[in-house]
2 protein chains.
Amino acid sequence: MKALLRIPSISTLPEHAGDVRRAAQFVADELKRIGMENVRLIETAATDHPGGHPLVYADWLKAGSGATTVLCYGHYDVQPAEPLDEWKSPPFEPTERDGNLYARGAVDDKGQMWMHVKALESLFAANGGRLPVNIRVIVEGEEEVGGEGIARFVREHGDQLKADVAVVSDTEMFAPDLPTLCVGLRGMIYTEIEVRGARTDLHSGMYGGAAPNPFVALAQIISKLKDADGRILVPGFYDKVAKPTVDELKAWKALPFDEEHFRQAEVGSCELTGEPGYSVLERIWARPTLDVHGMPGGFIGSGAKTVIPAKALAKVSMRLVPDQIPVETFGAYKAYVESIVPKGVEADVRLIHSGDPIVISTDNPYVKSATEVMREVFGKETVFVRGGGSIPIVGDFVRELKTPTLLMGFGLPDDNLHAPNEKFHLANFHRGIESLIRFFSNVGA
Amino acid sequence: MKALLRIPSISTLPEHAGDVRRAAQFVADELKRIGMENVRLIETAATDHPGGHPLVYADWLKAGSGATTVLCYGHYDVQPAEPLDEWKSPPFEPTERDGNLYARGAVDDKGQMWMHVKALESLFAANGGRLPVNIRVIVEGEEEVGGEGIARFVREHGDQLKADVAVVSDTEMFAPDLPTLCVGLRGMIYTEIEVRGARTDLHSGMYGGAAPNPFVALAQIISKLKDADGRILVPGFYDKVAKPTVDELKAWKALPFDEEHFRQAEVGSCELTGEPGYSVLERIWARPTLDVHGMPGGFIGSGAKTVIPAKALAKVSMRLVPDQIPVETFGAYKAYVESIVPKGVEADVRLIHSGDPIVISTDNPYVKSATEVMREVFGKETVFVRGGGSIPIVGDFVRELKTPTLLMGFGLPDDNLHAPNEKFHLANFHRGIESLIRFFSNVGA
């Protein structure tokens, strides 16, 4: 796994395209080595998807025609590692400390995807080169940039991923030692707002007072996206938001969740924010949100430069919940932003990528099987939670392939996903492998 | 001059400190070469001013004890050159095109300072190594970062700069071929607002809806600094703003100024902005303003990163006009910003540097002399204007040294100061030298 973590397969940065491909090849080679068959890279680049990263596919379908088929999904791409100076060990030099493995991708998702590889390797070894179940493996390299390639593959060649159940290990446990299935994910739309004022950068002494300032304009726009309480002001934004069921809300209230601990230990801010009238878990699992990730442009060096920048950009994303529809929500947002552009500037609103929100039914034998094997490994009953993040492909598995999907993840809440010092608790890596071995055997029996 | 323009003496960037010193030494060597005496670098670095850049001093005081003494001021430091990709020729490779010399510092202020050097060189050559007037030259390397070093030198050793009149060529002509004296300058305060939310960068999927977003908070703060019309909302901000005199306003109305041409040719935005009820010239010369120069922090790469940044910064400056007092205005601004910090985040408001606004009396013989020589060179009457930018030291010359100061600049409105493709119109470079030769001769007569 460390060799894979050393490859900086940052899918959003074009200069790392070679590393992304190297990671794909590495995964393919390992799948072949452990005994998987029909191993191949599937190219996703197309004229309308330039720079697409390859999928890795493998299968082993010799358990018999009546046997259960499991589709294992993971992704080998990672988020950028910035800010680099906050990492205690280099992001692409996996380092063990205190029972954790630190690296970008340690838990999201190279490390968790590797549990599947290791579980299959064990089963091949224990069963004389055979598996107790039919297995398909699909590993993508664009999860962190919207997963367009795999979405198209599922639409166009979904039959090649035909399975009875899909297993995705790209989520976290609710608390240490508490086995968890995630049964809902927020979707998202990731956008850019570009605001242009003057033709070129201007001296603020000579033009200040007459030339439009795109950062001020952008700040005015952003300040009208959310009210002081965090309620999103895009008209119609909440119209299709479905409430969680009464049972679900009751179960969430029973979870071992300490808001003050969450604020202090995880967030570390002086106060939590968000919509009044909703618990923290509701706010991060079942309510849509809007965040600004950065505002490129202008002068960002140290010291002082008295420039009125010609343009300013804001990277703005919204997390969506069932039953919001990304393309619809983006349309409403774009129209709203265009309606509040201050005088003197022009604005472009662009959709960078999107993913559907989903809720997954728990009413199937695979959920039962998963909770059984995790009870054996962890000694505790599984809790059902939702996730605040997106795994775009899960919606496609559920909707396009009609495949029941288990989000069976073994990360921890403090694993620093997408942040400096991402880690994977090694005990969970091993318990994850053990759970998967038992699950594959159990559904194959 | 080209050799000097090749030195990237960017005073705000610590990594260019060596270049800044190299530029100072270059200027000193040239002053010595043309015949100036007592040439020396004056260090400004001090424990409370680390990284201070040297002053260059030279004089020639042999015109006789009753002769007039002129203090020539300029600066050899420059603004950063970003955004580099918008330069048609490299910023530190001076390039002639269409009668202009393009380079960072071409007009602000290396090129204009060089007019003084060339005028003095001509006079030395024409007068057998003598000048018709006593001259002191002071050239600083911190004008673009607030001029703290020279301000202190003026306070502590002002007698060493004793003169009857100071000549500063760091401004522009109102229009091509129209000789111009600038008789007012806006002051400024340059500030940073730092907003901190979570302890570390967080995944917006996992924490969005509960964790504070510092960019959203900063946008909310900025949106409350100015109203939609551009009126600054800091309480008391306009209390000490002095109106221009009736005569001054009348003279400005008579200037050849076409607002639509200014919008199209200089600014290039779809509309001009600023306070209603004031002409464009009033807004850029006699009204205070507030601009945001950039908002460092967060994710600024291409593509998508779903991070809630731990902190965000805004570089915010205000241009001040007589009789606003920078330290007072900063105090009011800081208190106001602190009063509007949204929940969940903490904010620091820092003053980076400041400069006093000034108006200069036109009631002295040197103004008369300057208008005469420029009439000879340009064939037109001089117009009196104000400048929207700051030259911090001018306030010190006027207030501390009680020296009448002529802002006799030969730049043009489209010279792209502080912006890509800064240039100096070479015809003006030569007419500037000619005007200075005549002025030095005239006041020495």
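This is a predicted model: local features need pLDDT of at least 70, side-chain atom pairs count only at pLDDT 80 or more; totals for chains, interfaces and linings use all residues.
The contact between the chains can be followed from here. In total, 82 residues of chain A are in contact with 82 residues of chain B. On the side of chain A that touches chain B, at least two residues are supplied by each of several elements, which include the helices H5 (204-207), H6 (214-223) and H9 (280-285) as well as the strands E10 (202-203), E11 (289-298), E12 (307-308), E13 (311-320) and E14 (346-355). The largest share of that side, 9 residues, comes from E11(A). By residue class, the side of chain A that touches chain B divides into 37 nonpolar, 31 polar and 14 charged residues. Of the interface residues of chain A, 99% are also interface residues in chain B, so the copies meet through the same surface.

Strands of a sheet pair through backbone hydrogen bonds, either in the parallel or in the antiparallel sense.

Another part of chain A holds an open sheet of 3 strands, arranged in the order E4-E5-E18 with antiparallel pairing. Strand E4 (95-97) and strand E18 (423-425) of chain A stand at the edges of this sheet, and each has a single partner strand, so one side of each is left without a neighbour in the sheet. On average, and with direction ignored, neighbouring strands of this sheet are turned by 25° against each other.

Looking at one of these pairings in detail, E4(A) is joined by 3 bridges to strand E5 of chain A, residues 100-102, and the two run antiparallel; here Arg97(A) has Asn100(A) of E5(A) as its bridge partner. Helix H13 of chain A, residues 426-444, packs on the sheet and touches E5 and E18 of chain A, with its direction making about 60° with that of E18(A).

Conventions:
Residues are numbered from 1 along each chain as its sequence is written. Chains are lettered from A and ligands numbered from 1 in the order in which they are written. Two residues are in contact if their C-beta atoms, placed from the backbone, lie within 7 Å. Helices (H or I, at least four residues) and strands (E, at least two) are DSSP runs, numbered from the N terminus. Ala, Val, Leu, Ile, Met, Phe, Trp, Tyr, Cys and Pro count as nonpolar, Asp, Glu, Lys and Arg as charged, and the others, Gly among them, as polar. Two strands pair if DSSP finds at least two bridges between them. Axes are lines fitted to C-alpha atoms, for helices over the stretch in contact, and angles run from 0 to 180 degrees between N-to-C directions.
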